[in-house]
Each structure stands twice: as C-alpha cells, then as structure tokens.
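Biologist: Please show me the model, and then we can go through it by question and answer.

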Amino acid sequence: MSVNFYETVEDSLLKFAVIVAKTNGKWVFCKHKNRDTLEIPGGHREPNEDILDTAKRELIEETGAIDFDLKPVCVYSVVEENNFNGEETFGLLCYADIYSFGIIDSEIEKIIITDELPTNWTYPKIQPYLLEELEKRSII
C-alpha cells in the first residue's frame, strides 16, 4: 500500500474528503458504531457534490460540528492492491478548527477529544500519514 500527496488533481478524480480536526487545541476523532477503533472524520463524495461541500457535510455529520473553520490542504491518494482493483484513489485532505458542537447524526457513535493520537486507528496504514503530511506543511 502507498499513500501519496499532490497539490491538485482533476476534480472528477476526488472521491473522498478527510478532515483532520481540532477543538481548543485538542484532536477530534470519531468512533464508528460498529468498530472499536478511532478515525479522522471524512467520507465519500456524493454525485455532483462539490468536494469542499463533501468535507463540510462529513465534518458536520461525523462530529456534530456547528461552528468551524475548514480549509483544504492538499490531495492525497491511496494505492492498495486489494481495494479498487489496485487503482490509485484520490481524496481531499482538509484541516478544521471546531468551535462548537451539536448532535451527531450518522454512523458515528461518539467523538473523542484528546491530546493524544490514537494507537487503535481504523485505517493505520493511511491516517497517520495524513497527520504526518499536515505536520510537514506546518498545519498542525
């Protein structure tokens, strides 16, 4: 498996949006109802949806964010032999500061607000690299 980063790609290639989020300087992670692991908020782009709208929608649905600043950072891609027939898939990597929360209305059971990074990642071969890229870019 490989995770790659690009400044931009053709918009139609962007299938996902992932949003690294903090609130009051602490990480915001999601716990899915059917898993015991933690993940960065994000998800699939809907047909004809602007990719930034995907990022906003997923952040709201998965964290309950009401008031937030969200900014796109870069494009990431994943190549994995056993997914998508080994084709490179692309997503938009964003960063958000969340100032207030409401109700979570999704498959997410709860959010975890913490100073520590998870050791039990849902996607351990992808998500730590997204954080590493944000560190390289001095975003986090």
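**Pocket, core and loops**

Modeller: β5 gives 3 residues to the lining of the largest pocket, the most of any element. This is a predicted model, where local features need pLDDT of at least 70, side-chain atom pairs count only at pLDDT 80 or more, and totals for chains, interfaces and linings use all residues. Residues are numbered from 1 along each chain as its sequence is written, and side-chain values use heavy atoms, with hydrogens and water left out.

Biologist: How many residues of the lining of the largest pocket are nonpolar, and how many are polar or charged?

Modeller: Ala, Val, Leu, Ile, Met, Phe, Trp, Tyr, Cys and Pro count as nonpolar, Asp, Glu, Lys and Arg as charged, and the others, Gly among them, as polar. Among the 25 lining residues, Phe16, His44, Tyr76, Tyr123 and Ile126 are the closest to the pocket's centre. The lining divides into 7 charged, 7 polar and 11 nonpolar residues.

Biologist: Is serine 106 buried or exposed?

Modeller: Serine 106 lies in the loop between β7 and β8 (108-114). Its side chain has a polar atom 2.9 Å from the backbone oxygen of glutamate 61, and the side chain of serine 106 also reaches the backbone nitrogen of isoleucine 108 at 3.1 Å. Buried means under 20% relative accessible area, exposed over 50%, partly exposed in between (1.4 Å probe, protein chains only). Because its relative accessible area is 14%, serine 106 is buried.

Biologist: Where does asparagine 24 lie, and is asparagine 24 buried or exposed?

Modeller: Asparagine 24 is not a glycine, although it has a positive phi of about 50°. The residue lies in the loop between β2 and β3. With a relative accessible area of 77%, asparagine 24 is exposed.

Biologist: What is the phi of serine 138?

Modeller: Serine 138 is found in the segment after α2. At 62% relative accessibility, serine 138 counts as exposed. Serine 138 is a residue other than glycine, and its phi is positive, near 60°.

Conventions. On a 1 Å grid over the protein atoms alone, a cavity is a set of points where a 1.4 Å probe fits but cannot get out, and a pocket is an open set with protein on both sides within 12 Å along at least five of seven lines; lining residues have an atom within 4 Å of a point. Helices (H or I, at least four residues) and strands (E, at least two) are DSSP runs, numbered from the N terminus. A polar contact is a pair of N or O atoms within 3.5 Å; within protein, one must be able to donate a hydrogen and the other to accept it, and residues adjacent in sequence count only if both atoms are side-chain atoms.
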